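Welcome! Take a moment to look over the model shown here, and then we will walk through a few of its parts together.

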Amino acid sequence: MSPFASLLMLLLLGLSQAQQDKEIVEESPGEDQDTVDITTAILTTNRGTNEILLEGDMLVPKTRNALKCWSQSCLWKKASNGLVKVPYAISSQFSSSERQKIEKAMRSFHGSTCIRFVPRRNEYDYISFESRGGCFSDLGRQGGGQVLSINRQGCVYHGIIQHEINHALGFQHEQTRSDRDSYVRINWENIDPQMAFNFYKQDTNNLNTPYDYSSVMHYGKTAFSTNGKDTITPIPNPGINIGQRRGMSNWDIMRINLLYSCP
């Protein structure tokens, strides 16, 4: 299959998954997917955490000296059948309905990627969903059990869970892409200087994909604002929406397939 045909197939799969995510959200009309702002919810919930976080919701790397996940060492391992098995455990802190939301968010990766979340048995590497002091995750596979925090009071939303899972798979925030200055303007004057490090560009692997304003990994316009004014402005069209809250975009899905060489 040619590279173009492969990308076309991934895009079609992405459209299918986007429809599935839409149905996941709509089947729970009382769930405030249309009112909660992912960025606001994450940053507000994380204010009280004792963890040292980068860009608002990523744990400081313990096994790497930079915020980067390019190599096989930080990717989840692929089995001989082409599927990437990610073992997980969910803390008993969560209620039955909260557990169902977490599991539903994990299943949303299954339809159009080779990622498969499976209950942990005795695997050494696994994700532990816990309700700690915020919404946060490690970047990529760390080795051993790694905490993915979904605080019960502010993080149990489909889009937020997907966002943190994407971090655990190795994806960074869209607005810190190495090429972001061609697509967004960072308004440093509206950012607390002590928080400016959250907006530094990273040496990212963009997988030859375009900048995605609609990515679930993109923060909203007022992230880390000290005065209510925009900290991130799309260019050249400032009216473009960023920080959407429904779930993974088509390019989010395609990047998973590209990073993990999904068959």
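At roughly what angle do the axes of helix 2 and helix 4 cross? The axes of helix 2 (residues 38-45) and helix 4 (residues 158-169) cross at roughly 70° and come within 10 Å. Axes here are lines fitted to C-alpha atoms, for helices over the stretch in contact, with angles from 0 to 180 degrees between N-to-C directions. Helix 2 and helix 4 are therefore roughly perpendicular, a label for angles of 65 to 115 degrees.

Where they meet, Ile38, Ala41 and Ile42 of helix 2 touch Gly159, Ile160, His163 and Glu164 of helix 4; contact means heavy atoms within 4.5 Å.

## The chain as a whole

The chain has five helices and nine strands. These are DSSP runs numbered from the N terminus: helices are H or I with at least four residues, strands E with at least two. Of the 263 residues, 54% count as buried, meaning under 20% relative accessible area with a 1.4 Å probe, protein chains only.

## An enclosed strand

Strand 7 (residues 145-150) has five of its six residues buried, so the rest of the structure largely encloses it. Strand 7 pairs with strand 5 (residues 126-130) in the parallel sense over five bridges; pairing requires at least two bridges found by DSSP. Tyrosine 126 has glycine 145 in strand 7 as its bridge partner.

Strand 6 (residues 135-136) pairs with strand 7 in the antiparallel sense, over two bridges. Here phenylalanine 136 is partnered with serine 149 of strand 7.

## About the model

This model is predicted: local features need pLDDT of at least 70, side-chain atom pairs count only at pLDDT 80 or more, and totals for chains, interfaces and linings use all residues. Residues are numbered from 1 along each chain as its sequence is written, and side-chain values use heavy atoms, leaving out hydrogens and water.

Methods
Angles under 35 degrees count as roughly parallel, over 145 as roughly antiparallel, 65 to 115 as roughly perpendicular and the rest as oblique. Buried means under 20% relative accessible area, exposed over 50%, partly exposed in between (1.4 Å probe, protein chains only).
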